[in-house]
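Please open the structure in your viewer and keep the selection panel at hand, as this tour goes from one selection to the next.

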Amino acid sequence: MRVTVLSSGSSGNSTLVESGPTRVLIDAGLTPRELSRRLVHAQTRLEDVQAVFITHEHSDHGVGAKALASAGIAVYATAGTANALGLGQAKVVTAGVAVTLGELSVTPVALPHDAAEPVGYLLGEGEARAGVLTDCGHAAADVAAAFAGCDLLVLETNHDPVMLARGPYPAGLRQRIAGDNGHLSNQQAAALLMQMGAGRLPATLVLAHLSLKNNRPELARAEIEGALARLGHSARVLIAAQKVVGPTLVVSRGQVEIDVARTAQLALGLPEPSYGRAPETRR
Ligand SMILES: [Zn+2]
Ligand SMILES: [Zn+2]
């Protein structure tokens, strides 16, 4: 299984997951045009994507969903998310119930977030496991249990609480982000890992959905690496970006490697991805 974060943050989220000939996206928070541009970095065409799984209706996750459905790509979402997005043609998924496409299984996991019926996704291929866990309001025990044992975990570290409290956002928005149905702070993400326990931690972590205004990559990294050190666990920690496509990560049981050949293509100067705008207030 190969996982490439195409875009991460409040201006748009999407992650490509490949398993043999099966190609799916987790979230469509970019226009199809921008998705196509970014897929070039992963040597993939939008036409080769069979399905997209939407986590929830906020525009940074679902803005492209209708257009992808119109283009013939199967859109999967919970009933609440499909309804909120007006996606009459969606294939409805239910938390805890896996969907199988080829060798790939995709299982929604219910998350606390201020949306109709938000989920994260667990991905499995053979013995390999990966998880996409963003837009989660707090370090809930059932969420930690669901994502424990992933070899690769894309994990939200949205904000530093001090930067959020002193930052430019209006009070109501600050409260929403920090609330139980808002977003994971660096510390809450670390608390989730602590709950997973030493034996069930990922080999590689991709820190995701970082706020450009209320966080800094070095703060998120320090918090997460500190938690891993306390657990006596060494893991590769990468940070996903809003404007740059991440490396392709090859996930197998107990091991995650970077696809060096593909990453070299990126360094050789394929077109730079641009990113679309989304309202800062809905993310
Ligand atoms: Zn979001
Ligand atoms: Zn959201």
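**Two packed helices**

Begin by selecting Asn186, Gln187, Ala189, Ala190, Leu193 and Met194 in H8, which meet Leu219, Ala220, Glu223, Ile224, Ala227 and Leu228 in H9; contact here requires C-beta atoms, placed from the backbone, within 7 Å, and helices are DSSP runs of H or I with at least four residues, strands being E runs of at least two, both numbered from the N terminus. By class, this contact of H8 with H9 comprises 9 nonpolar, 2 polar and 1 charged residues. The model is predicted, so that local features need pLDDT of at least 70 and side-chain atom pairs count only at pLDDT 80 or more, while totals for chains, interfaces and linings use all residues. Residues are numbered from 1 along each chain as its sequence is written, and chains are lettered from A and ligands numbered from 1 in the order in which they are written.

Now show helix H8 (residues 186-196) and helix H9 (residues 217-230) whole: they pack at an angle of about 20°, with their axes 9 Å apart, where axes are lines fitted to C-alpha atoms, for helices over the stretch in contact, and angles run from 0 to 180 degrees between N-to-C directions. H8 and H9 are therefore roughly parallel to each other, a term for angles under 35 degrees.

**The sheet**

Next, select the open sheet of 8 strands, whose order is S6-S5-S4-S3-S2-S1-S14-S15 with mixed pairing; strands pair if DSSP finds at least two bridges between them. At its edges lie strand S6 (91-93) and strand S15 (255-258), each pairing on one side only.

Finally, select strand S3 (residues 22-26) and strand S4 (residues 51-53), which run parallel and are joined by 3 bridges; Leu25 has Val52 in S4 as its bridge partner.

Conventions. Angles under 35 degrees count as roughly parallel, over 145 as roughly antiparallel, 65 to 115 as roughly perpendicular and the rest as oblique. Ala, Val, Leu, Ile, Met, Phe, Trp, Tyr, Cys and Pro count as nonpolar, Asp, Glu, Lys and Arg as charged, and the others, Gly among them, as polar.
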